[in-house]
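Below is a short briefing on one protein model.

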There are 2 protein chains.
Amino acid sequence: MKKDDQNVQPLRLDGQTLVDQLQILASVGSDPRGGRTRLAASKEEGEGRDLLVEWMKELDLEVKVDSVGNIFGLLHGEEGGAGGSPLVLGSHIDTVISAGPYDGCFGVLSALAVARAFRTAGRTPSRPLVVAAFTNEEGVRFQPDMLGSLCFAGGISPEEALAVTDSHGVSLEESLKEIGYNGPLTSGFFAPGEYLELHVEQGPILDREGLSIGVVEGVQGISWWRVAFRGKANHAGTTPTALRSDAGYGAARTIVFLRELALSSGTTLGTVGTLSLEPGAVNIIPSKAVFTADIRDPSEERLAEADDKLKAFAEELASAEGLEVTLERLARFSPVVFSQSLCALVEETARELGLSSRRMTSGAGHDAQMMARICPTAMIFVPSRGGISHSPDEHTDRADLLAGAEVLLRTAEKLLAKE
Amino acid sequence: MKKDDQNVQPLRLDGQTLVDQLQILASVGSDPRGGRTRLAASKEEGEGRDLLVEWMKELDLEVKVDSVGNIFGLLHGEEGGAGGSPLVLGSHIDTVISAGPYDGCFGVLSALAVARAFRTAGRTPSRPLVVAAFTNEEGVRFQPDMLGSLCFAGGISPEEALAVTDSHGVSLEESLKEIGYNGPLTSGFFAPGEYLELHVEQGPILDREGLSIGVVEGVQGISWWRVAFRGKANHAGTTPTALRSDAGYGAARTIVFLRELALSSGTTLGTVGTLSLEPGAVNIIPSKAVFTADIRDPSEERLAEADDKLKAFAEELASAEGLEVTLERLARFSPVVFSQSLCALVEETARELGLSSRRMTSGAGHDAQMMARICPTAMIFVPSRGGISHSPDEHTDRADLLAGAEVLLRTAEKLLAKE
């Protein structure tokens, strides 16, 4: 043991305070459906921000807010410590409508628990530790989602981000001013050394496999399409099957194809969540069917292949069925690959703690995918019961929450150890 | 030749007057979309009725209106002529929204042309000839459709029929009073000897096969279902394919099955005209899918078989996919079989006139299927260009119209010949 380590206290996770804070934050913006609704930069989310800032100040963190409302709680590193780049831990505290208690908040408050562990132990990290809460991750009120982290990572200018309006025409800038979170700093004012985000899985894999920790290697790529088949409206009773141009059949057959594609690929996911038929009468063959396709894959190559296959199938089907088809791209995000060395560190830490884990890909979008543009990044998942997410029924057992926070703490400890 | 046949003039179809009257009636209720809208018992349909009654009176027909608004133009038979049961020829003059010129009107005005032929030739039939226009065949304003003929055939009481209301709460009785067609006679006040209805096919078969005349042997049976699959709403990006309970996939797979069922049967038709997904977001797996299935078959046995197969398929699929399914019956009509001897007479008449013909089943419902409950009945179809129906684009060539009217006239002539 080196001389200057003699007075070092061990870092301890204060699980009770973490769980208490989760519960307190979960009560802000509570709604009649048993959930909580804190849309980005709303009055309710402002109350959540105030609470977070208060808790940061209790730990003597230096609170900085940038112009798009991202909140950073800075725990200074050693004077002259090796490397000045801060380790950033965080997530978001805005929610969807009637959300569960953990999505986003768990990552922010666990990051705060890491800062608390340093303060309680009286330890100063070798370089700065930053607790981050990014603006408008959910994208329910303002689009695009992950707007705060996107801006911090330089993917959109602060001016553009602030000009975005909600469905009532209110801009993000006005909304942030209203709640007092239009900060003075330019988004991206510091360069992170690494970014780590702890999050509930929002999917069923860990829960189903009975595992504690997901080591998230990246985020799936996403491809959204609007597909429209156009055929001929005709009488259901008088038009022989062979003479039909049934747009609804075109849609149905394509939905079945997407399922076949997902099953044969093994990594591709395909979802049709919206569909409408025109004219929409029991006894009229649909002349028009419009539906969306949500395709995801962790591999850019396989995602592009799935896009091509969908297009080819729809066009071939249209030609065979006397239909016209158009495919309009609604969104396309390439897969994000996280830092392999950070993933290995998280995995090793979980193993040291005796926690079961597996490598996985995030199906949902996260601030981490934006931060991955500017620094080594990884995520840690804990189980979501039944995979339920964006619902008051979202649940993670206390033991799983604390195991995840412990992995975050120990991984951060290693990263912040003197070099 | 018998003595009293010496002064008999031959019956001649006045094609020009028929075509002119079709055009005049088609201009009543004309709408901006290039069609005409004469919903049952509306002001516009009242104007059409006035025109028809005027034309009946020009031919010295005795006009009778029953309490549900059915109009009958009676051409008396010979005093003491053999058999008192009238031959009824007719159809309806109400329309769907933005209809074509021929649906219904063609049958009524051709029947009037038959009466005209008798008048012009100065001939009196051996028994009465009745030109009929039934109330609310289309069923757009009042449900059920074919209400006037249903009531005439005793399938619903006049009281019940008159109490039916439209979507604004206005009853058929009020509407008929408004236009002056609440007649004094009880529906079903006479017993028809036979019923013949000439109609445009509303389907593509005759047009596609280049034939002039359809000898209609019956009307398909109809089975309407509302099918609802219920699954679990889950995140499109985080839920592995094998763990999904995707109600939308259940619907799509069933629509594809209905197509397969139709193709393998050869006589069954299956149509899904309405479908809705919940919650209806691009990235959420549908928790609920509700759609209608319209199944038709000329054979009661095969229709029942198709019902059973749909039910069995949906239940098996639901079980395999972790879904719940309910099938709710919306309507069920057994197939109607017309008089074989009347069909043979129509077929023979077409052949004598040198017109190509085929036996067929009506896919759509017609007043004839109600009249078939109370007397020998048949229908005669003429081609619909492209099978287009219930649209301003509905079209039948003049030559085909006149060929159909000629078959109606000659068949009626035979039926009304002295016995």
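**Overall build**

Chain A contains 12 helices and 14 strands; helices (H or I, at least four residues) and strands (E, at least two) are DSSP runs, numbered from the N terminus. Its radius of gyration is 24 Å, close to the 22 Å from the globule rule for 419 residues, so chain A is as compact as a globular protein of that length. That radius is taken over C-alpha atoms, and the rule is 2.2 Å times the number of residues to the power 0.38.

This is a predicted model, in which local features need pLDDT of at least 70 and side-chain atom pairs count only at pLDDT 80 or more, while totals for chains, interfaces and linings use all residues. Residues are numbered from 1 along each chain as its sequence is written, chains are lettered from A and ligands numbered from 1 in the order in which they are written, and side-chain values use heavy atoms, with hydrogens and water left out.

**Chain A as a whole**

- The C-alpha trace of chain A spans about 90 × 45 × 35 Å along its principal axes.
- Of the 419 residues in chain A, 61% are buried (under 20% relative accessible area; exposed is over 50%, partly exposed in between; 1.4 Å probe, protein chains only).
- Among contacts (heavy atoms within 4.5 Å) in chain A between residues at least 6 apart in sequence, 79% join residues at least 24 apart.

**Nonpolar cores**

- The largest nonpolar core has 100 residues, and Leu89(B), Leu112(B) and Leu129(B) have the most contacts inside it.
- Such a core is a set of buried Ala, Val, Leu, Ile, Met, Phe, Trp, Tyr and Cys residues joined through side-chain atoms within 4.5 Å.
- Helix α3 (residues 105-121) of chain B gives the most to this core, with 12 residues.
- Another core, of 98 residues, lies apart from it and includes Leu59(A), Ile71(A), Ala133(A) and Ala161(A).

**Ala133(A)**

- Ala133(A) sits in strand β4 (residues 129-134) of chain A.
- Ala133(A) counts as buried because its relative accessible area is 3%.
- Beyond four places in sequence, the contacts of Ala133(A) are Leu52(A), Gly69(A), Asn70(A), Ile71(A), Ser91(A) and Val108(A).

**Leu353(A)**

- Leu353(A) is in the loop between α10 (340-352) and β13 (357-362) of chain A.
- Leu353(A) counts as partly exposed because its relative accessibility is 34%.
- Not counting residues up to four places away in sequence, Leu353(A) touches Glu406(A), Val407(A) and Arg410(A).
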